[in-house]
Amino acid sequence: MAMETVPKEMRNMRACLLCSLIKTIDQFVFDGCDNCEPYLQLKGNKDLVYDCTSSNFDGVVSMMSPDDSWVAKWQRINRFKPGCYAISVTGRLPPSIVRELKTHGITYRSRDTSQKT
């Protein structure tokens, strides 16, 4: 697991609304999202980081071996890079981003488990 993926502090942590990866705001701005960068392009765009991430999330799973982890399969993160992931992320991606994802063949599924949709 790359050290850039692990949150560097407990303050200002946010979770990606697409993959639920947890990082600090600065890490998202500096590096983007390790899993979603080709689609969300968060790197260097603080406004987009605020739109595509949430500070309101529950639980943390630290995943080191995606292929071997039943928890990763259960959380639908087994195809993502090793790192810290939120179990549930409150919020939704903006409709314009959801449309853009659709053009790339990606179906957006909310990671908010607090409410049934």
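The structure is a predicted model, in which local features need pLDDT of at least 70 and side-chain atom pairs count only at pLDDT 80 or more, while totals for chains, interfaces and linings use all residues. Residues are numbered from 1 along each chain as its sequence is written, and side-chain values use heavy atoms, with hydrogens and water left out. The chain has an open sheet of three strands, a pairing of S4 with S5, one salt bridge and zero disulfides.

**Confidence**
- The mean pLDDT (the predictor's confidence in each residue, from 0 to 100) is 88 for the chain, and 91% of its residues reach 70 or more.
- Helices (H or I, at least four residues) and strands (E, at least two) are DSSP runs, numbered from the N terminus.

**Strand pairing**
- Two strands are taken to pair if DSSP finds at least two bridges between them.
- S1 (residues 13-16) and S2 run antiparallel and are joined by three bridges; Ala 15 stands opposite Ile 22 in S2.
- S4 (residues 57-63) pairs with S5 in the antiparallel sense over six bridges, and Val 61 has Tyr 85 in S5 as its bridge partner.
- Six of the seven residues of S5 (residues 83-89) are buried, so the strand is mostly covered; buried means under 20% relative accessible area, exposed over 50%, and partly exposed in between (1.4 Å probe, protein chains only).

**Cysteines**
- A search of the whole structure finds zero disulfides, a disulfide being a pair of cysteine sulfur atoms within 2.5 Å.
- Cys 33 has its closest cysteine sulfur in Cys 19, at 3.5 Å, which is too far for a bond.
- Cys 33 is buried, at 1% relative accessibility.
- Cys 84 is in no disulfide either, and the nearest cysteine sulfur, that of Cys 19, is 12 Å away.
- Cys 84 is also buried, with a relative accessible area of 11%.

**Salt bridge**
- The count is one salt bridge, under a rule that asks for a side-chain nitrogen of Lys or Arg within 4 Å of a carboxyl oxygen of Asp or Glu.
- The partners are Lys 23 and Asp 34, whose closest N and O atoms are 2.6 Å apart.
- The pair links distant parts of the chain, eleven residues apart: Lys 23 belongs to S2, and Asp 34 to the loop between helix H1 (25-31) and helix H2 (37-40).
- Lys 23 is buried, with a relative accessible area of 0%, whereas Asp 34 is partly exposed at 23% relative accessibility.

- Ser 20 is not a glycine, yet has a positive phi of about 75°.
- Ser 20 sits in the loop between S1 and S2 and is buried, at 1% relative accessibility.
- Arg 76, another residue other than glycine, has a positive phi near 60°.
- Arg 76 lies in the loop between helix H4 (70-74) and S5 and is partly exposed, with a relative accessible area of 33%.
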